[in-house]
Amino acid sequence: MNKKKIDNTCNQASQPLLSTHDALEFLLNASIVNTHTHTVALDDALRQILAHDIRANINVPEFDNSAMDGYAIALKPEQISVPGILNFKITDRIQAGSTGNTLAPGCAARIFTGAPIPQGANTVIMQEVCEVSKEGGYIETWQPLSLDENIRPLGNDIQSGAVILNKGRQLKAQDIALAASIGVKELEVFKPLKVGLFFTGDELINPGETLKKGEIFNSNRYALVALLTQLNCDIVNLGNIKDNFSATLDALSTLADDCDLIITTGGVSVGEEDHVKPAVEKLGKLSLWRIKMKPGKPLAFGHIGKSAFIGLPGNPVSAMVTFFLFAQPFIKKMQGISNYKNQPIPVQANFDWLRPRPRREFVRVRLDQTTTPASASLYPKQGSDVLSSIVWADGLLEIPENSTFAQGEILNYYPLT
């Protein structure tokens, strides 16, 4: 992608439409990875992004231990895999957290899950397959016994020196548990991005206010806050601002001083009431794209000082779809996440597409997992104003431009998660 060419044509209303691939690649190439880190306790690590590999300095477990409640046995060679009843003298009792004595050949120790295997023991039998004598001094079992049964060996889970979590991983509950299992109590992570928001449009009012003729409730505000919260961003939300050039300049200036990224919805086209584009150009630099896709043709990207800027379309479905396809991978890369791109899944279309369209379409679909491969059903209303479509759907199906197909066509599906 020739960046100079894009910059030179970005102010022209007649600029050519970019493909979704070229637009995404340009955006990702401009995403500067965050280098600021801090240390957090494990209780505060959920959804944070690791700044360094985590390497184990111990084995887990650090000793051979019992996988169940039962009896540790010191089998003699002649007792291995022998049919019939075998008897063993009980000489010890070992609980988790305690250490037993050396076990003599032909003897047994009562043992509990997680307790260390005593010296001399070479197998563990379940308590359900043996009986204790009336006086309690012996056990007998009728099950042939093999070596090393029900023993968790040293390092079975983690071996000392192994990398257990990689830099750039967004931490889940199980990752935090794994770190705790090697004795780590805090982690160095990338600091969350600070993302500034504001919304233009004098027709916008907040939920809870009285709706007058010509007004609409601002759903984009709540969508973006939720989407950014899912990405673990710190949010500076200015809410609705006056739809004029001066107010737009003030909002951008306020956020640029404090934020890593600014996101807006609406106002990035070339109409006389679209103030975001000229305000960004006055304060910084803007690459305004028209993308060959539906929904969501207008998308703006640029910088104001140290802050990146993304201007999303104003229609609610267009705003959410372009956020998912472009802003989300941009933010993930900026956060330091290693797997930042959306990963498509091949599925079959459960509908016909008989009329070719000039733009690549990302239609709202619901997936049926009972077929092989899974099949995607189309929501009947695909307008960019139909917000209920994206609630009904669980993903987007990518339909290439100028294509037609019959039911069963294999296409790329992107889950909305």
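Here are the stops, one selection at a time.

Before you click: this is a predicted model, with pLDDT of at least 70 needed for local features and 80 or more for side-chain atom pairs, while totals for chains, interfaces and linings use all residues. Residues are numbered from 1 along each chain as its sequence is written, and side-chain values use heavy atoms, leaving out hydrogens and water.

**Stop 1: a helix pair.** Select α4 (residues 219–230) and α7 (residues 316–335). Helices here are DSSP runs of H or I with at least four residues, strands are runs of E with at least two, and both are numbered from the N terminus. The two axes come within 11 Å and cross at roughly 25°; axes are lines fitted to C-alpha atoms, for helices over the stretch in contact, with angles from 0 to 180 degrees between N-to-C directions. That makes α4 and α7 roughly parallel (angles under 35 degrees). Now show side chains: Ser 219, Asn 220, Ala 223, Leu 224, Leu 227 and Leu 228 of α4 meet Pro 316, Ala 319, Met 320, Phe 323 and Ile 331 of α7. Contact means heavy atoms within 4.5 Å.

Stop 2: Pick Cys 233, in the loop between α4 and β16. Buried or exposed? Cys 233 is buried, at 9% relative accessibility (buried is under 20% relative accessible area, with a 1.4 Å probe and protein chains only). Leaving aside neighbours within four places in sequence, Cys 233 touches Leu 193, Val 195, Leu 228, Ile 331 and Gln 335.

**Stop 3: helix α5.** Select residues 245–256. The end C-alpha atoms of α5 are 16 Å apart, which agrees with the 16 Å that twelve residues should span at 1.5 Å a residue (1.5 Å times one less than the number of residues). Colour its buried residues: Ala 247, Thr 248, Leu 249, Ala 251, Leu 252, Leu 255 and Ala 256. What do they pack against? The partners are β13 (194–200), β16 (234–241), β17 (261–265), α6 (276–283), β20 (298–304) and β21 (307–312).

**Stop 4: strand β23.** Finish on Val 365, within residues 360–368. Its relative accessible area is 0%, so Val 365 is buried. Setting aside neighbours within four places in sequence, its contacts include Phe 351, Trp 392, Asp 394 and Tyr 413. Val 365 and Tyr 379 are 14 residues apart in sequence, with their C-alpha atoms 5.8 Å apart.

Conventions. Parallel < 35°, antiparallel > 145°, perpendicular 65-115°, else oblique. Buried < 20%, exposed > 50% of the residue type's maximum accessible area, 1.4 Å probe, protein only.
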